[in-house]
Amino acid sequence: MKLDIIILAAGQGSRMYSNLPKVLHRVAGQPMLARVIGCARALSPHHIHVVVGYGAEEVKAVTQDDSIRWWYQAEQQGTGHAVQQALPGLQEDHAVLVLYGDVPLLAPATLQAVIRELPGKDLVLLSAELADPSGYGRIVRDAQGRVLRIAEEQDADPQTLGIREVNTGVLATRSALLKQWLAGIETGNAQGEYYLTDCIGLAVTGGYRVEAMVCENAEEVLGVNDKHQLMQAERICQRRTADQLMALGVTLLDPGRVDVRGDLVTGRDVVIDVNTVFEGNNCLGDRVSIGANSILVNTSVGNGTRIHPNCHIENAVIGSDCSLGPYARIRPGTRLADDVRIGNFVEIKKSDIRTGSKINHLSYVGDADVGEQVNVGAGVITCNYDGSRKHRTVIGNRVFVGSDTQLVAPVAIGDGATIGAGSTITKNAPGDTLTLARSKQVSIKHWKRPEKE
Ligand code: UD1
Ligand code: MG
């Protein structure tokens with residue numbers, strides 16, 4: 001049977017106290033809705049339908065996938081009402097799987113198991129046994145253990161609230177049945193909403209075969225309604241990633257103090273110290289070590305490179321056997337070749353630094369091409385900005401730039417040149433030559449310091 005998937009994502013998420021639509025809050029760097037869509041896609045459905053409402057345009061921008069069918073729920077009158085919006089898009093003879101955009105950690109295999117039950121049943125729910133069921137709808141069963149209905153927390157009596165089996169929001173059925181049950185739900189409940197979950201009671205009283213499948217891994221079904229649950233989802237996700245990294249042989253000094261917000265690809269014998277953050281797509285070669293408190297964003301690091309503590313590296317390509325930091329800032333568009341050394345309090349932006357070059361102390365190098373085996377002294381600055389435009393600095397191979405030099409771009413320094421310390425270089429400097437641009441030192445022999453009276 002062909003499968004249609006409906007994802008509910010129209011709610012504001014009032015318990016988040018945020019202007020951002022709830023499903024756009026991120027877990028491990030990815031909006032919750034993008035995770036749910038990704039999981040849905042893994043099931044290769046006929047169509048994915050997403051119901052949007054609050055912040056609809058912002059929510060739709062979460063994916064570029066134009067095969068998704070969007071449905072608009074102008075007023076958020078409940079989960080049942082939300083599903084109704086997508087009904088015109090369903091094929092009568094298809095299976096339907098409903099997912100909630102705020103349940104971000106489900107695994108495709110879990111959903112596949114739910115769908116596999118469907119041929120023998122009319123409605124299959126995914127439930128979970130939770131130590132603390134508060135906030136979730138409870139699965140009410142009869143003495144024989146057969147599902148009777150779902151009781152929402154706000155409508156439940158104290159005895160029902162004691163039930164620890166909860167509704168995860170995952171529901172599979174056939175589209176013709178779903179249409180029929182949804183036509184029968186009403187708003188006579190504590191929240192005055194059309195509850196999707198009322199379909200279960202209707203199916204049972206209608207004599208249909210209803211099953212609640214208990215999810216073995218309760219972590220997967222966490223629903224995110226507030227910032228505490230968002231934090232829980234984040235921690236679960238980070239713990240999973242840390243476990244995967246360690247399983248691949250990565251040494252994590254503390255798996256609780258590494259955050260991967262995106263994809264991290266690692267080679268052999270990688271060591272990652274504490275309080276490190278990886279955002280976007282990062283790739284670490286063999287024997288790379290990342291020092292404590294470092295942040296890498298969309299960066300690749302070559303074999304054997306050491307990132308010392310407290311570095312911030314963004315959109316950069318770092319070669320092999322380099323050494324960076326402590327306290328280095330590498331900004332977008334930087335490419336370091338192999339054996340490059342970038343020391344403390346050095347900022348590099350949109351520059352190419354070739355093999356074997358060193359910029360070890362307190363420098364700013366921006367919009368520069370730096371050749372091989374160059375030594376840039378302490379406190380050197382490329383003056384790349386004239387107030388309206390950026391200009392490039394080109395430094396040849398084997399150049400020595402003395403400390404506290406300003407290179408006023410556009411400017412070029414020839415191969416093998418030496419620039420004397422403290423120079424302000426405004427014109428091109430020839431190769432294999434010493435260039436100085438500083439006032440001459442004088443000593444005044446008979447000068448006397450004024451004396452106090
Ligand atoms: C819901 C379930 C509850 C279940 C829990 C699992 C209902 C009535 N309750 O409660 O049984 O235990 O999820 O996490 O279904 N939405 C819309 N339009 C609306 C209302 C909601 O699209 O009019 C979307 C929300 O954006 C959200 C999802 O549906 O992504 C669930 O809504 P939410 O308000 O979070 O329901 P819960 O109170 O968590
Ligand atoms: Mg919810």
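Helix α8 holds both R239 and D243, which are four residues apart, about one turn of the helix; helices here are DSSP runs of H or I with at least four residues, strands are E runs of at least two, and both are numbered from the N terminus. R239 forms a salt bridge with D243, with 3.4 Å between the closest N and O atoms; the term denotes a side-chain nitrogen of Lys or Arg within 4 Å of a carboxyl oxygen of Asp or Glu. R239 is partly exposed at 43% relative accessible area, and D243 likewise counts as partly exposed at 36% (buried is under 20%, exposed over 50%, partly exposed in between, with a 1.4 Å probe and protein chains only).

This is a predicted model, in which local features need pLDDT of at least 70 and side-chain atom pairs pLDDT 80 or more, while totals for chains, interfaces and linings use all residues. Residues are numbered from 1 along each chain as its sequence is written, chains are lettered from A and ligands numbered from 1 in the order written, and side-chain values use heavy atoms, without hydrogens and water.

The structure holds 19 salt bridges. One of them joins E92 and K179 at 3.2 Å, N to O. This pair links distant parts of the chain, 87 residues apart: E92 lies in the loop between α3 (79–86) and β6, and K179 in helix α6.

The magnesium ion (ligand 2) is coordinated by D102 (OD) and N225 (OD1) at 2.0 to 2.2 Å; donors are N, O and S atoms within 2.8 Å of the metal (3.2 Å for Na, K and Ca), and sites may look incomplete because water is not among the atoms. Both D102 and N225 are buried.
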